[in-house]
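Q: Could we go through the helix packing and the sheet in this model?

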Amino acid sequence: MTDQFDARKTRAAAWFRTLRDRIVASFEALEDSHGTGTPGRFEVTPTTRADGGGGLMSVMRGGRVFEKIGVNVSEVHGTLGERAQKAMAARGVPGMDSDPRFWASGISLVAHMVNPHCPAVHMNTRMFWTPHAWWFGGGADLNPALEYAEDTAHFHAEMQRACDTHDPAYYPRFKAWADEYFFVPHRGRARGVGGIFYDDLNTGGSDSDSWEADFAFTQDVGSAFLPAFVPLTERRIATPWSDADREAQLVHRGLYAEYNLVYDRGTKFGLETGHDANAVLMSLPPIAKWT
């Protein structure tokens, strides 16, 4: 299985990098066409992981449209530590006790906006491989401080379109998964208005031929992100906002930070496997507030 997947790993990593490039170009174009002052630009920093691999951390701060946005890609490999091995074994990944090698690649994005009427957003797609298993995961979810029902409906419609192309059962299943995954138990509420979330996607089990179908689905989820999100930003970017709107935005960012630091599985995995801490924590907002 190791030799068979070398080419597929290369394809997956290349796709995540291509998607990153498309998103960065689109968001810099938004900076050029909206607002006043100097348009924001991404600062790109290579990241490394001591045990093997690395990636690119692309962060924009203080833009016209984006107060802070990070778009990270990574391709890492090595041997899972004891805690990560136990976590994988608990999820049903075979062979962790005998061969804990792994490879993973993906893209992760979090955007915090200047205008409180523009929703924050998160998107992630990834592939994970071990000598005994492989799977895809990811999704996207919308996190408005000030919700507009039509924006929520548009975002979900684009996610559903990506899902329905592959399996009509995907959207209701992955929407429900997002609603559960992005729930903040200690606050008794959701982090945002949801979207889709999936993990451990390997529709063929030990049959590696299903890889093509699962990879195609993951590509479509990634490709759906810009059509789902950019129109919402363009619709709200010129909306006047008040001090009360800004207050609501900062308080909501506090909720977002709480979730990512306490519950998010990707944050925990990144820190436990020794990836660049700045890249792992780029999802945190630049300014937040607790009342």
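Predicted model: local features only at pLDDT ≥ 70, side-chain atom pairs only at ≥ 80, totals over all residues.

Q: At what angle do H3 and H5 pack, and how far apart are their axes?
A: Helix H3 (residues 149-164) packs against helix H5 (residues 210-236) at about 160°, and the axes are 8 Å apart. The angle is over 145°, the cut-off for roughly antiparallel, and H3 and H5 are therefore roughly antiparallel to each other.

Q: And which hand does the crossing of H3 and H5 have?
A: The crossing of these two helices, H3 and H5, is right-handed.

Q: Which residues make that contact?
A: On H3, they include Phe155, Met159 and Ala162, and on H5, Phe217, Val221 and Leu232 are among them. By class, the H3 contact with H5 comprises 12 nonpolar, 1 polar and 6 charged residues.

Q: Turning to the sheet, what is the strand order?
A: The order is S1-S2-S3-S4-S5-S6-S9, in an open sheet of 7 strands with antiparallel pairing.

Q: Which strands stand at the edges?
A: Strand S1 (43-48) and strand S9 (194-201) do; each has a single partner strand, so one side of each is left without a neighbour in the sheet. Neighbouring strands of this sheet are turned by 10° against each other on average, direction ignored.

Q: Over how many bridges do S4 and S5 pair?
A: Strand S4 (residues 101-113) and strand S5 (residues 120-130) pair over 9 bridges in the antiparallel sense. Ser108 stands opposite Asn124 in S5.

Q: Back to H5: which strands does H5 lie across?
A: H5 lies across S3, S4, S5, S6 and S9, and runs at about 15° to S6 (133-143).

Methods: Residues numbered from 1 in each chain as written. Heavy atoms only, no water. Axes fitted to C-alpha atoms, helices over the stretch in contact; angles between N-to-C directions. Helix = DSSP H or I, 4+ residues; strand = E, 2+ residues; numbered from the N terminus. Parallel < 35°, antiparallel > 145°, perpendicular 65-115°, else oblique. Left-handed = near helix turned anticlockwise from the far one by under 90°. Contact = heavy atoms within 4.5 Å. Nonpolar A, V, L, I, M, F, W, Y, C, P; charged D, E, K, R; others polar. Pairing = 2+ DSSP bridges.
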